[in-house]
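I opened this entry to keep track of what I looked up, one topic at a time.

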Amino acid sequence: MSAPVLEARSATVDFTTRGGAVARALDGVDVSVGRGEVLALVGESGSGKTTLARTLVGLQRLTAGEVLFEGRPLDYSARGLRTLRRHVQMVLQDAAGSLNPRQTVYESVAEGIRLHKRVAADEQGRTEVDLVAAALAEAGLRPPERLFLRYPHELSGGQKQRVLIAGALALRPQILLADEPVSSLDASIRGEILALLLELREENGVGIVVVTHDLGLAWNIADRIAVMYLGRVVEFGSTEEVLESPRHPYTQALLSVVPEISHLEPIVLRGEIPDPTRIPGGCRFHPRCPKLADGSAAAAGVEHRCLNDGLAVLPADGEHRVACHLDAVLTGAAEQGRGEVSA
Amino acid sequence: MTTPPAELLEVRDLRVSYLTSEGRLPAVRGVDLVVRAGEVVGVAGESGCGKSTLASTVLRLQPKDAQVEGEVLVAGADVLTMRWGDLRALRWDQVSIVFQGALHSLNPVHRVGDQIGEPIRLHEPSLRAAEVSERVRELLEQVGLPRARDRAYPHQLSGGQRQRVMIAMALACRPRLIVADEPTTALDVMVQAQILALLSDLVRDLGVGLVIISHDLSVLADVCDRVAVMYAGRIVETGTSQEVFSDPRHPYAAALSSAFPRIGDPAARYAPSGLPGDPPDPRDLPAGCSFAPRCPLALDACRVAEPPLLDLGNGRRAACIRLGAS
């Protein structure tokens with residue numbers, strides 16, 4: 001694990017709903033990403049993965065906890081955020097909706113370059129046109145000049161996604177956050193975009209946080225995975241650890257319903273993620289937990305804890321960590337786990 | 001006649017083209033497809049391959065500017081040429097469609113129960129209101145929603161619940177064939193698994209035929225008996241879903257199959273599999289095989305003539321010149 005460039009510590013975000021109820025979208029999350037590292041945040045809708053990504057780029061203020069860039073807490077002033085965004089860029093979900101339909105490809109990519117005065121800062125003395133062309137070429141749009149005057153509606157889905165990535169790359173960020181970068185793309189384009197993300201990591205050492213519900217994508221490109229459920233990270237570890245020997249019942253269920261894994265008996269969870277204004281007590285996953293339902297938790301003597309005792313926030317220390325009472329007993333780490341709660 | 005035709009749907013040499021200001025745009029170029037009772041057939045392909053156009057012709061829902069040739073037989077009767085009155089009777093009653101995007105297909109200002117009941121009231125005007133609402137509540141139960149949800153408005157339901165409402169609506173008049181266009185595309189993995197399980201159960205319990213259209217071959221491999229892979233308006237490979245997914249014979253089917261990696265496969269680690277290039281512009285199709293410009297295995301001969309769909313035995317067919325040589 002390289003030294004973290006961008007880091008969230010006990011990140012907590014509350015939203016007040018119109019009725020006055022407080023929805024806790026993030027409930028204490030520790031994650032970090034370093035240079036040249038690919039971290040995947042996975043989970044269902046409502047798990048808090050997009051909120052976490054937004055807090056990491058300073059688009060969303062925290063209710064509690066902090067976000068650190070190069071070891072310093074984020075400066076939320078307009079100037080502070082502008083500086084941050086030169087180094088941390090986000091590619092939003094839905095490429096089609098993120099591009100201004102009345103702006104040409106050139107204008108879309110040049111906007112960030114002008115805002116951040118990248119022409120004056122360029123050591124090689126390149127012009128704006130050079131920088132736009134270089135960013136488009138890096139994003140795999142070659143020859144770039146051919147696309148300068150195109151409008152979004154003239155582009156394919158894959159091309160739009162590449163233009164967005166080019167806009168982010170033009171600033172030479174250290175960290176790129178990509179929210180569902182391929183979910184709206186056709187299968188044959190998907191691999192191309194993922195290969196591009198890996199190339200950026202290899203060639204420019206960009207650290208990448210990818211938000212996705214697609215475990216196959218994580219297997220394709222991620223070094224580490226944080227599985228999120230209802231505002232918490234419930235399992236964290238290397239991609240191999242999390243996907244080949246998942247320990248949290250939620251991760252196991254998610255993995256079992258990936259269509260191509262035919263050797264696993266699918267564990268189809270009932271219902272959907274609960275309303276974040278009413279986070280269940282005890283383990284937040286217990287109302288849907290198949291291990292609680294089938295009596296495994298009772299057999300191991302942890303049923304009472306599942307229903308009543310909350311779990312500690314998992315530290316982002318690079319170890320394979322699981323927030324589950326049953327797992328704690330099964331792996332014999334119960335004592336250690338309790339120690340962390342009181343710490 | 002000893003037995004009635006077992007085919008619920010038989011599409012024969014279907015050709016559809018759209019008339020645009022820039023000329024004729026062929027969307028479907030000679031497709032054959034058969035669906036029998038109790039069978040789930042998948043149609044896979046990327047945007048623009050003609051799969052949604054194919055679905056729309058099954059109920060003659062294609063846009064007015066579409067030119068259609070060929071035959072679409074539902075229980076032996078040609079949908080494309082039948083009288084308007086017969087077509088109306090066939091819609092919902094024999095064949096229903098679950099459209100892409102449940103969010104946009106439901107009317108936001110009507111209760112979902114009223115929307116599910118609408119086709120029932122139209123097709124069985126003799127039913128009393130109480131009977132219709134009882135049927136609606138039964139349908140909700142059948143798709144795994146509480147009976148009382150008939151009072152809900154679409155915005156009060158989650159994406160998965162709305163998709164269940166769409167399926168309840170498709171079942172409303174007890175059709176024999178259901179066409180589902182991207183039924184799980186906008187849904188989460190877990191909800192997708194729930195909806196796919198629901199569809200499989202319905203086929204098993206009701207003995208209906210089901211056509212699922214999707215860009216995700218892995219989803220189809222999971223629930224379909226047979227799949228057809230489409231590219232640029234033609235079927236390029238068809239066979240049992242397991243065979244096509246695990247041992248594809250056409251290079252395009254192979255690319256689709258490997259686009260979604262098998263988790264745990266070391267070969268896919270840090271090696272996402274993609275296919276360079278974009279599908280061809282239908283106004284300007286390449287000579288010969290339309291996949292040749294993107295095909296990693298293309299030969300010179302591929303650019304001469306479009307390969308026919310070759311019979312490889314056991315219901316397996318693929319349109320690739322390399323398969324004919326052996």
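How many residues of chain B are in contact with chain A? I note before counting that the model is predicted. I find 35 residues of chain B in contact with 33 residues of chain A. On the chain B side, I looked up which helices take part: helix 7 (189-206), helix 8 (217-223) and helix 10 each supply at least two residues. Helix 7 of chain B gives the most, with 6 residues. Sorted by class, the side of chain B that touches chain A has 19 nonpolar, 9 polar and 7 charged residues.

Next entry, domains of chain B. I have domain 1 as 7-94 + 176-286 and domain 2 as 108-174. Taken over C-alpha atoms, the centres of these two domains of chain B are separated by 26 Å. I count 10 residues of domain 1 of chain B in contact with 11 residues of domain 2 of chain B. Helix 7 of chain B turns up again here: the largest share of the domain 1 side, 4 residues, comes from it. By class, that side of domain 1 has 8 nonpolar, 1 polar and 1 charged residues.

Next entry, the sheet in chain B. I read an open sheet of 8 strands with mixed pairing, in the order 6-7-8-3-9-10-12-11. Which strands stand at the edges? Strand 6 (95-98) and strand 11 (310-313) of chain B do; each has a single partner strand, so one side of each is left without a neighbour in the sheet. On average, neighbouring strands of this sheet are turned by 20 degrees against each other, direction ignored.

I then followed strand 6 of chain B to strand 7 (residues 177-181) of chain B and found a parallel pairing over 4 bridges. In this pair I located B:S96 opposite B:I178. I also checked helix 10 (residues 251-259) of chain B, which lies across strand 3 (40-44), strand 9 (226-231) and strand 10 (234-240) of chain B. Helix 10 runs at about 110 degrees to strand 9 of chain B.

Last entry, a helix pair in chain A. At what angle do the axes of helix 4 (residues 105-115) and helix 6 (residues 128-138) of chain A cross? I get roughly 110 degrees, with the axes coming within 10 Å. That makes helix 4 of chain A roughly perpendicular to helix 6 of chain A. I log the crossing of helix 4 past helix 6 of chain A as right-handed. From helix 4 of chain A, A:Y106, A:V109, A:A110 and A:I113 meet A:E128, A:L131, A:V132, A:A135 and A:L136 in helix 6 of chain A. By class, this contact has 8 nonpolar, no polar and 1 charged residues.

Definitions and conventions: Residues are numbered from 1 along each chain as its sequence is written. Chains are lettered from A and ligands numbered from 1 in the order in which they are written. This is a predicted model: local features need pLDDT of at least 70, side-chain atom pairs count only at pLDDT 80 or more; totals for chains, interfaces and linings use all residues. Two strands pair if DSSP finds at least two bridges between them. Axes are lines fitted to C-alpha atoms, for helices over the stretch in contact, and angles run from 0 to 180 degrees between N-to-C directions. Two residues are in contact if their C-beta atoms, placed from the backbone, lie within 7 Å. Ala, Val, Leu, Ile, Met, Phe, Trp, Tyr, Cys and Pro count as nonpolar, Asp, Glu, Lys and Arg as charged, and the others, Gly among them, as polar. Angles under 35 degrees count as roughly parallel, over 145 as roughly antiparallel, 65 to 115 as roughly perpendicular and the rest as oblique. A crossing is left-handed if the near helix is turned anticlockwise from the far one by less than a right angle, and right-handed if clockwise. Domain bounds come from an automatic or database domain assignment.
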